[in-house]
Amino acid sequence: MRTSRPTDPSVDSTGEFPLAPAEYIFYLLFQAARQRDLYFTRTAGASGLTLQHWRTLAVIRRIENCSMKDLALYAAIDRTTLTRVVDHLVAQGLVERWSPARDRRQVQVTLSAAGEAAFDGAVARLLRNNRAVLSGVDEASARMAARVLQQVIRNMMDDPLAAERLLAYGRPSRPS
């Protein structure tokens, strides 16, 4: 015989969502990121780029003379995997790796001409994909969602400057 369980505090009290909004947001974030990754993989076409390759190229393209430290931060790929990804992209001739004369211990990466071409082809496809998956979401809603996610990230990070750096994605941050 089942005994009655206490009320589950993670259930939405209004019944609109299967979980309370504070819990459901994180479930949805995880699912949205996972489904977008799968969508990218299905629609990558003949580019030959994996999602990790694409993310790596995109960060390097965004941040000229990108350090491996910045690459790890913005690509959200663990360092061991990232090193293998960069090695692969260097071997394919898409990325060039070098060390500045002032500090030979530091490793910088930049896109080669072939890497720029691969990026250009992939980014057009990615932008089309983004538009497709955001179909029915107006710009005001997308901006509101982005602002909410910015605040969530700020709340989770101990260092406010590191949070702003991450949110700026390689560009000088603007005051919020």
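The buried residues of helix α3 pack against α2 (51–62), β1 (66–67), α4 (79–91), β3 (108–111) and α7. Contact here means heavy atoms within 4.5 Å, and buried denotes under 20% relative accessible area, exposed over 50% and partly exposed in between (1.4 Å probe, protein chains only). Helices (H or I, at least four residues) and strands (E, at least two) are DSSP runs, numbered from the N terminus. The model is predicted: local features need pLDDT of at least 70, side-chain atom pairs count only at pLDDT 80 or more, and totals for chains, interfaces and linings use all residues. Residues are numbered from 1 along each chain as its sequence is written, and side-chain values use heavy atoms, with hydrogens and water left out.

Confidence was examined by chain and by helix. The predictor's confidence in each residue is expressed as pLDDT, from 0 to 100. The mean pLDDT of the protein chain is 88, and 92% of its residues reach 70 or more. Confidence is lowest in helix α5 (residues 113–133), at a mean of 88, and highest in α6, at 96. Where pLDDT is low, the predicted coordinates should not be read in detail.

Within α3, the buried residues are M68, D70, L71, A72, Y74 and A75. Because 6 of the 8 residues of α3 are buried, this helix is largely enclosed by the rest of the structure. D70, which lies in helix α3, has a relative accessible area of 16% and is therefore buried. Residues up to four places away in sequence not being counted, D70 touches V59 and R165. Just after α3, A76 takes a positive phi of about 55°. A76 is found in the loop between α3 and α4 and, at 68% relative accessibility, counts as exposed. Most residues other than glycine have a negative phi; A76 has a positive value and is a residue other than glycine.

The structure holds 5 aromatic pairs. Rings of Phe, Tyr and Trp (its six-membered ring) are paired if their centres lie within 6.5 Å, with planes under 30 degrees apart counted as stacked, over 60 as edge-to-face and the rest as tilted. One of the pairs, Y24 and Y27, is stacked, with 6.0 Å centre to centre and 10° between the planes. Y24 and Y27 are 3 residues apart in helix α1 (residues 21–43), so about one helical turn separates them. An α-helix has 3.6 residues a turn, so residues three or four places apart point the same way. Y24 is buried, at a relative accessible area of 16%, whereas Y27 is partly exposed, at 42% relative accessibility.

Another aromatic pair, formed by Y74 and Y169, is edge-to-face, with 5.7 Å centre to centre and 65° between the planes. This pair links distant parts of the chain, 95 residues apart: Y74 belongs to helix α3 (residues 68–75), and Y169 to the segment after α7 (160–168). Y74 counts as buried at 13% relative accessibility, while Y169, with a relative accessible area of 28%, is partly exposed. Y169 also has a positive phi, of about 50°, although it is not a glycine.

On the surface, I25, F26, L29, L149 and M156 form a nonpolar patch, with about 430 Å² of accessible area together. Patches are made of residues with over 30% relative accessible area and no salt bridge, like charges being joined within 9 Å and nonpolar side chains (Val, Leu, Ile, Met, Phe, Trp, Tyr) within 5 Å. A salt bridge is a side-chain nitrogen of Lys or Arg within 4 Å of a carboxyl oxygen of Asp or Glu. Accessible areas come from the Shrake-Rupley method with a 1.4 Å probe, and for residues only the protein chains shown count as cover. Both α1 and α6 (139–156) supply at least two residues of the nonpolar patch, and the largest share, 3 residues, comes from α1. L149 is located in helix α6 and, at 34% relative accessibility, counts as partly exposed.

T7 is placed in the segment before α1 and is exposed, with a relative accessible area of 75%. T7 and A44 lie 37 residues apart in sequence and 45 Å apart in space, C-alpha to C-alpha.
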